[in-house]
Each structure stands twice: as C-alpha cells, then as structure tokens.
Amino acid sequence: MRGRRRRTLRDKVEALIARRGDDVFLTREFARLGGEDQIIRALRELVREGRLIRLGYGVYARAEPSRLSGRPVISARDGFVGASREALTKLGVAWEPTEAERAYNEGRSTQVPANAVVRIKGRFARRLGYGSNSLVVERRT
C-alpha cells in the first residue's frame, strides 16, 4: 500500500492563505502551523515564486501576476494603499485617513491624494513598502 505524500509546512501555509479572504497576512497568523523560522522560510519561498509580496517585517500581501509585465503585483482591491491599511488594522494600530483624503472624499477638493498616507495616534515604528511606494505616517496630535 502506497502512502500519500505528507503535507509540508509550505503546503499548509498555502492552504491557509487560500482559505482566507484577507489580502494581507502577518507571520504570527501561521504560528500554530510550526516554528517561526520554518514559517518565514515558507513565506520567503512563496515571495520568490511571486505568490506573496513582502511589505515589511512580518507583513505579507497576496500577489498576482501583472497583466502588463507579468511581474507580481499586490492583488488587494486598493493596491498598496489598501494592503498597508489592512496591515495596520491587523497590527492593532489605530489609523484614520488624512485631512487631504477626507476633503477629496467629501467633495471639498478636486486634488486626488497620490501617496499612501495615514494618520495614526500612538506609536508605530515599522516601515511598510513595496517597490517605490512606502507608507507615510502622520502623527495625530
């Protein structure tokens, strides 16, 4: 009798990502599957294959191939901005849109906010970025 192939940790990580509807994943979400080093190794492999994109320390985003270049791009609906905001929420950081973004959304301005900027209250020292984009953090007073 032939035995079935054992599921590797990478297979388990992929299965968990496929089941989840999230676009952003934190390393700690996979903690129950195995040791931290092994999980990071599996996630790094998925990044190499273009299935995930690393946004920052312990933060990964779901990726899909670009229709133009074929290179991996963030598959979140709002791109990097949406993925970085989802990451902040998962990290437990209270954030809000900037005044410029609120003005645009309320029709008080026609200037479209081009950069990923959020206002936070409290401490946040991580850097989130992807390609030439990086999350700009304003401190709320």
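This briefing describes the fold, the nonpolar cores and several individual residues of one protein. The structure is a predicted model, and its 141 residues, of which 38% count as buried, form 4 helices and 9 strands. Taken along the principal axes, the C-alpha atoms fill a box of roughly 70 × 35 × 25 Å.

**Overall fold and surface**

- Followed along the sequence, the helices and strands come in the pattern α-β-α-β-β-β-α-β-α-β-β-β-β, which together amounts to 4 helices and 9 strands.
- When contacts between residues at least 6 apart in sequence are considered, 46% of them join residues that are at least 24 apart.
- The protein exposes about 9,700 Å² of surface, and carbon and sulfur atoms supply 46% of that area.

**The largest nonpolar core**

- The largest nonpolar core has 21 residues, and those that touch the most other members are L55, V59, I74 and L128.
- At least two residues of this core come from each of β1 (24-26), β2 (52-56), β3 (59-65), α3 and β6 (117-120), while α3, with 4 residues, gives the most to this core.
- L128, when residues up to four places away in sequence are not counted, touches L55, G56, V59, F80, S84, A87, L88, S134 and L135, and both L55 and V59 are, like L128, named among the residues with the most contacts to other core members.
- Apart from this core lies another one of 12 residues, which includes I17, F30, A42 and Y60.

- I74 is found in strand β4, which covers residues 72-74, and I74 counts as buried because its relative accessibility is 9%, whereas the cut-off for burial is under 20%.
- Leaving aside neighbours within four places in sequence, I74 is in contact with I53, L55, A61, R62, G79, F80, A83 and Y130.
- I74 and G92 are 18 residues apart in sequence, and their C-alpha atoms are 21 Å apart in space.

**The aromatic pair**

- The structure holds 1 aromatic pair, formed by F25 and F30, whose ring centres are 6.2 Å apart and whose planes make an angle of 40°, so that the pair is classed as tilted.
- Are the two partners buried or exposed? F25 counts as buried, since its relative accessibility is 1%, and F30 likewise counts as buried at a relative accessibility of 1%.

**Helix α1 and its residue D11**

- Helix α1 spans residues 9-19, and its buried residues are L9, R10, D11, V13, E14, L16 and I17.
- These buried residues of α1 pack against β1, α2 (36-48), β2 and β3, and one of them, I17, also belongs to the core of 12 residues.
- D11 lies in helix α1, and D11 counts as buried because a relative accessibility of 18% falls under the cut-off of 20%.
- When residues up to four places away in sequence are not counted, D11 touches R5 and R6.

**A94, a loop residue**

- A94 is found in the loop between α3 (79-90) and β5 (95-97).
- Apart from neighbours within four places in sequence, A94 is in contact with R119, I120 and K121.
- The C-alpha atoms of A94 and V118 are separated by 9.9 Å, and these two residues are 24 residues apart along the chain.

**A103 in helix α4**

- A103 lies in helix α4, which covers residues 99-105, and A103 counts as buried because its relative accessibility of 11% is under 20%.
- Without counting residues up to four places away in sequence, A103 touches R108 and S109.
- A103 and D22 are 81 residues apart along the chain, and their C-alpha atoms are separated by 28 Å.

Note on methods
Residues are numbered from 1 along each chain as its sequence is written. This is a predicted model: local features need pLDDT of at least 70, side-chain atom pairs count only at pLDDT 80 or more; totals for chains, interfaces and linings use all residues. Side-chain values use heavy atoms; hydrogens and water are left out. Buried means under 20% relative accessible area, exposed over 50%, partly exposed in between (1.4 Å probe, protein chains only). Contact means heavy atoms within 4.5 Å. Accessible areas come from the Shrake-Rupley method with a 1.4 Å probe; for residues, only the protein chains shown count as cover. A nonpolar core is a set of buried Ala, Val, Leu, Ile, Met, Phe, Trp, Tyr and Cys residues joined through side-chain atoms within 4.5 Å. Rings of Phe, Tyr and Trp (its six-membered ring) pair if their centres lie within 6.5 Å; planes under 30 degrees apart count as stacked, over 60 as edge-to-face and the rest as tilted.
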